Amino acid sequence: MFDVLIREAGARFGLGDKALPVAQMLLAYMTNRDTGGLAGFLEKFKAAGLGPIIQSWLGGGPSAQPVSNSQVETVLGASGGLLSMITARLGVNRDNVTSAIGYLLPAIVGKLTPGGSLPANLPPEVASFAAAGQSLLAAPAAATVAAPAAGGGVMKWLPWVVVAAAVLFGLSYCGKSRTPTDAPVTPAAPASAPAAVPAPVASDAPVAAFGGGAPTTTPATAPITPAASEPAAAAASAASAAAAADEPTGSAVVSLMDASSVPALKVYFDSGKTDVHSDFAAKSADLVNYMKANADTKAVISGFNDPTGNAAANAELSKNRAQAVQAALVAAGIPADRTVLEKPAETSGTAATNAASRRVEVVLRK
C-alpha cells in the first residue's frame, strides 16, 4: 500500500532505507489508540489551526494541500514528540525527517480515509505495518547501532581486531574436535571488528516470502546449514536442538553461531505480544556487524506458529513478530532490501508449554 510512497520519500529527502522505519513509526504514532487513534492525531493539527489543510487530506486526491516543515514542527516537534523519537532511534537528520513526514502525511491520511471518512478499523496490512513501527517507538534510543567515526580510529581498534581474530580462530579449531552437541558460544568481539568475521556460508536455496509456498529450509532444524558439509550440518542441527531444550519462558533474544561461526538469532516474544526485547541491539551486534562486513548476505527472518487455536490469527501474529524483528534490524543499520520475511512455520506442542511457537529466527544467506 505504501511501497512507492516510501521509496519516493527515501529518494527525495535523503533517507534511503531509513524511509521505511520512518513511515512505520509515523503510522504507529498516527493510529495509537492510547492517544485517540487517527482522529486524535488529526485533532492535534486542527488545534494548531490547520483544520482546512486536514480537511483537504481526507479521501485523498489532487486537492490535498501541502504542509510546511514549520507546521509539522509545531504539531510533532515538542521534546519527546514524534520527530525527537524518530531522530533518536534512527540517527537521521531532523530536517530531512520533518520534510519526509510533511510529504507522507497527506498521502497516508488520504489512503486511510476512503470516501473522506475515518475508518472504524484499520485494514490488516496497515495494522501490521503500524505494529512494526510501534516496536521501534517502544525501543530505547540506544538501540540504534551507529558506525564508528572514520577519522583516526584504525589504530585505536587494531588490538581489538587482533583479539577477535584470535578468538574466532580458536573457536573454529576447537569446533573440529568437539562433538556436535558442543555448540560454540558467541564470541565477545567488539562491535567495530567486522573485518575479523569469516566469509558467509554459500547457499543456492531460493527463499519463500510471506504468503508464498513453504520455506525452502526449516530454520528450527538447520540454521544456516553449510553447503555440502554433512558434519557441519549435523553440528548446527544438534546445536539448535540443544538451544531449544532451554528456551526462555518470556521475551528474550538469544545470539547463536552455526558450525562455521556465522551469527544467527532467536528472538522470543511474550505470549500474544509483538514487542522486541530491549536486549535486541546488544544481542544482534555480531549479526549486524557480520552483514555490514559481507554485503552479499541477506537476513532471512522466519516466524513460528502456535499450532493450536485460531490458525489465521496465529499466522498474523507470527507475521507481525517477524516484521517487528525486521524493523529492529533496519533500525540497527541493515538496509530493508537485505531482509527477507519467510512464510511462518508451524511448531508442535501447545502455547503454554512450547516456547518455540513464540519465536522468530534470523539466519544469514547469500
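# Salt bridges, rings and a pocket

User: What is the relative accessible area of Glu 43?

Analyst: Glu 43 is partly exposed, a label for values between the buried limit of under 20% and the exposed limit of over 50%. Keep in mind that this is a predicted model. For Glu 43, the relative accessible area comes to 45%.

User: Why are Glu 43 and Lys 46 separated by about one helical turn?

Analyst: Lys 46 is partly exposed too, at 40% relative accessibility. Both residues of the pair sit in helix 3. They're about one helical turn from each other because their spacing along that helix is 3 residues.

User: How far apart are the closest N and O atoms of Glu 73 and Arg 94?

Analyst: These two also form a salt bridge. Glu 73 belongs to helix 5 (residues 69-76) and Arg 94 to helix 7, so the bridge ties together parts 21 residues apart in sequence. Glu 73 is partly exposed at 27%, and Arg 94 is partly exposed with 27% as well. Between their closest N and O atoms, the distance is 3.0 Å.

User: How many residues apart in sequence are the parts tied together by Glu 361 and Lys 266?

Analyst: Glu 361 and Lys 266 make a salt bridge, with 3.8 Å between the closest N and O atoms. Glu 361 is in strand 5 and Lys 266 is in strand 2 (residues 263-268), so the parts they tie together have a sequence separation of 95 residues.

User: At what relative accessibility does Lys 266 count as buried?

Analyst: Buried means under 20% relative accessible area. Glu 361 counts as buried, with 2% relative accessibility. Lys 266 counts as buried as well, and its value is 3%.

User: Which side chain does the side chain of Arg 365 make a polar contact with?

Analyst: Arg 365 is part of strand 5 (residues 359-365). At 7% relative accessible area, Arg 365 is buried. Its side chain has a polar contact at 3.1 Å, and the partner side chain is that of Glu 342.

User: How far apart in space are Lys 366 and Arg 338, C-alpha to C-alpha?

Analyst: Lys 366 falls in the segment after strand 5. It's partly exposed, having a relative accessible area of 46%. In sequence, Lys 366 and Arg 338 are 28 residues apart. In space, C-alpha to C-alpha, the figure is 9.9 Å.

User: What is the angle between the planes of Phe 13 and Tyr 103?

Analyst: There are 5 aromatic pairs in the count. Phe 13 and Tyr 103 make one of them, at 5.7 Å centre to centre, and the pair is tilted, with its planes at 55°.

User: Why is the pair of Phe 45 and Trp 57 edge-to-face?

Analyst: Tyr 103, from the pair above, counts as partly exposed at 23% relative accessibility. For Phe 45 and Trp 57, the ring centres are 5.9 Å apart, and the pair is edge-to-face because the planes are at 65°.

User: Which residues do ring pairs link with Phe 45 and Trp 57 into a cluster?

Analyst: Phe 45 and Trp 57 are both buried. The ring pairs build a cluster out of these two plus Tyr 29 and Phe 41.

User: Which helix gives the largest share of the lining of the largest pocket?

Analyst: The largest pocket holds about 630 Å³ of space. Its lining is made of 25 residues, and Asp 3, Ile 6, Leu 20, Gln 24 and Phe 129 are the ones nearest its centre. At least two lining residues each come from helix 1, helix 2, helix 8 (124-138) and helix 13 (311-331). The largest share, 6 residues, is supplied by helix 8.

Note on methods
Residues numbered from 1 in each chain as written. Predicted model: local features only at pLDDT ≥ 70, side-chain atom pairs only at ≥ 80, totals over all residues. Heavy atoms only, no water. Helix = DSSP H or I, 4+ residues; strand = E, 2+ residues; numbered from the N terminus. Buried < 20%, exposed > 50% of the residue type's maximum accessible area, 1.4 Å probe, protein only. Polar contact = N/O pair within 3.5 Å; in protein donor to acceptor, adjacent residues only side chain to side chain. Phe/Tyr/Trp six-rings, centres within 6.5 Å; stacked < 30°, edge-to-face > 60°. Salt bridge = Lys/Arg side-chain N within 4 Å of Asp/Glu carboxyl O. 1 Å grid on protein atoms, 1.4 Å probe; cavity = no way out; pocket = protein on both sides within 12 Å on 5 of 7 lines; lining within 4 Å. Points joined across faces, edges and corners; volume = space filled by probe spheres on them.
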